[in-house]
Amino acid sequence: MVVPSPTSMIRTKKTKAVGIPTIDLSMERSELSELVVKACEEYGFFKVVNHGIPKEVISRLENEGTEFFSKNSTEKLQAGTSTPFGYGCKNIGPNGDKGDLEYLLLHTNPNSISERSKTIAKDHPIKFSCIVTDYIEAVKELACEILELAAEGLWVPDKSSLSKVIKDVHSDSVLRINHYPPVKKLSKDNLDPSKFQNNNNTIGFGEHSDPQILTILRSNNVGGLQISTQHGLWIPVHPDPNEFYVMVGDSLQVLTNGRFVSVRHRVLTNTTKPRMSMMYFAAPPLNWWISPLSKMVTAHNPSLYKPFTWAQYKQAAYALRLGDSRLDQFKLQKQEDNTHYHHDT
Ligand SMILES: C=C1C[C@]23C[C@@]1(O)CC[C@H]2[C@@]12CCC[C@@](C)(C(=O)O1)[C@H]2[C@@H]3C(=O)O
Ligand SMILES: O=C(O)CCC(=O)C(=O)O
Ligand SMILES: [Fe+2]
């Protein structure tokens, strides 16, 4: 069932109610797949309930995050600075983007996790590594389930055409744990009403879309996340520590030939409480080609994008600023005959 969550309901100037869809995964499959497609088309964002991920899998990772971020900065820096993996503070990405946060960015490859665990959790690396791996396995399953429902709802002949990409052992998926300390100070910047709707807050994580296929997000009970509608209206997302939010990434927008939209989002900091969020960014292997699924391309609906590999897209993303529309450089001109750019599925 898609229900607008009351706390995220806001009214536009036209007094139209907008609410973030909530999808109950215990529902009947054919109905579910339609709801997933609808939410991905309208918002590129939805909440899932009855996801089946045990509470302990989530709380163990949350406790590890709390323990890590409560260390002093010298200790945290010993985890290795984010280039791109490791510990980062204030700096987001390589091009000068700043946020009021600190984070741990980990590749989901098991060898990479066990290596990083030795510096992140020096006194219990094996336990840390198991907790991170268990969480990743659980959210990967959830991401696959959602991608299979999406494929079913789109009537793609091979239901696993999207999920198999992130199940691949060479998948380039990433886990990020963000910690936003409370920010009280009012700077000149956040008094500019053209920039932010809530001028009591500073930007924790600037506006952007995620480049990957799908993001599975979970946070503690502290809000701050906002999503942008396709009309540019910012909607606050109510925090729910027991549930997950799903975001369509740029790559899924391309795979569906623009039918699904990657959601632009940002985080405003809280003035009193720290926010902690965990994101699993489901990505293909580096050498994997991203282009619209053949089912999504017809003579009337030609391909909107030039094919590119995930490595090429990542390179483009890392060359740009956080908020840049990095898909623009892969868009095809409308008049070109581009029906042949698609995957054979
Ligand atoms: C400024 C940047 C940070 C980012 C890489 C980028 O150059 C542009 C995209 C950013 C983003 C957003 C989603 C999660 C993330 C890990 C990713 O893959 O792309 C971040 C990158 C990052 O924080 O390093
Ligand atoms: O911290 C959050 O809630 C979202 C952060 C985010 O968008 C990101 O890390 O890509
Ligand atoms: Fe994001």
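**Surroundings of the two ligands**

The shell of residues around ligand 1 is made up of nine nonpolar, three polar and four charged members (Ala, Val, Leu, Ile, Met, Phe, Trp, Tyr, Cys and Pro count as nonpolar, Asp, Glu, Lys and Arg as charged, and the others, Gly among them, as polar). The model is predicted, so local features need pLDDT of at least 70 and side-chain atom pairs count only at pLDDT 80 or more, while totals for chains, interfaces and linings use all residues. Residues are numbered from 1 along each chain as its sequence is written, chains are lettered from A and ligands numbered from 1 in the order in which they are written, and side-chain values use heavy atoms, with hydrogens and water left out.

Around ligand 1 there are 16 residues, of which Arg176, Asp210, Gln212, Ala317 and Tyr318 come nearest; a residue is near a molecule if one of its heavy atoms lies within 4 Å of it. Strand S6 (97-107) and helix H8 (310-319) each contribute at least two residues to this shell. Helices (H or I, at least four residues) and strands (E, at least two) are DSSP runs, numbered from the N terminus.

Polar contacts were taken as pairs of N or O atoms within 3.5 Å. The side chain of Gln212 places an N or O atom 2.7 Å from an oxygen atom of ligand 1. A polar backbone atom of Ala317 is 3.0 Å from an oxygen atom of ligand 1, and for a polar side-chain atom of Tyr318 the distance to an oxygen atom of the ligand is 3.2 Å. Of the 460 Å² of accessible area that ligand 1 has on its own, the protein covers 97% (Shrake-Rupley method, 1.4 Å probe).

Ligand 2 is surrounded by 13 residues, and the closest are Tyr180, His208, His265, Arg275 and Ser277. By class, six of the shell residues are nonpolar, four polar and three charged. Strands S7 (174-180), S8 (203-208), S13 (265-268) and S14 (275-282) each supply at least two residues of the shell around ligand 2, and S14 gives the largest share, four residues.

How values were computed: A polar contact is a pair of N or O atoms within 3.5 Å; within protein, one must be able to donate a hydrogen and the other to accept it, and residues adjacent in sequence count only if both atoms are side-chain atoms.
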